[in-house]
Amino acid sequence: FIQECCLPHGHVMATRLYTAYRTQAIEGGEPSITATAFGLRLKERGFKKTTTGSGVRYEGISLRERYL
């Protein structure tokens, strides 16, 4: 998902990123993991989670335009 749908810079809201992931998994006929497990995997890959006034977002990752 990260290689196909994301860019290695910028930031993205956590819910938006997870929704894009789930959509890709469902459309690809693959099982998806929970939002918590997804967040843990992002953390393992070194993406930093921050809380803003708008909600939680990940730094150092963004969605490619076609997945927004």
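Reader: Before we start, what should I know about the numbering and the cut-offs?
Author: Residues are numbered from 1 along each chain as its sequence is written, and side-chain values use heavy atoms, with hydrogens and water left out. Because the model is predicted, local features need pLDDT of at least 70 and side-chain atom pairs count only at pLDDT 80 or more, while totals for chains, interfaces and linings use all residues.

Reader: Which pattern does the protein chain follow along the sequence?
Author: Helices (H or I, at least four residues) and strands (E, at least two) are DSSP runs, numbered from the N terminus. The protein chain has three helices and five strands. Read along the sequence, their pattern is α-β-β-α-α-β-β-β.

Reader: What is the order of the strands in the open sheet?
Author: Strands count as paired if DSSP finds at least two bridges between them. The open sheet has three strands with antiparallel pairing, in the order β2-β4-β3. Its edge strands, each pairing on one side only, are β2 (11-13) and β3.

Reader: Which residue in β4 is the bridge partner of T52?
Author: Strand β3 (residues 48-52) and strand β4 (residues 55-59) pair in the antiparallel sense over five bridges, and a hairpin of two residues joins β3 to β4. Along this pairing, T50 stands opposite R57. For T52, the bridge partner in β4 is G55.

Reader: What angle does the direction of helix α2 make with that of β2?
Author: Axes are lines fitted to C-alpha atoms, for helices over the stretch in contact, and angles run from 0 to 180 degrees between N-to-C directions. Contact means heavy atoms within 4.5 Å. Helix α2 (residues 14-27) packs on the sheet, touching β2 and β4, and its direction makes an angle with that of β2 of about 80°.

Reader: What radius of gyration does the protein chain have?
Author: This radius is taken over C-alpha atoms, and the globule rule is 2.2 Å times the number of residues to the power 0.38. With 68 residues, a compact globule would come near 11 Å, so the protein chain agrees with the rule at 11 Å.

Reader: How much of the protein chain is buried?
Author: Buried means under 20% relative accessible area, exposed over 50%, and partly exposed in between (1.4 Å probe, protein chains only). Of the 68 residues in the protein chain, the buried ones make up 28%.
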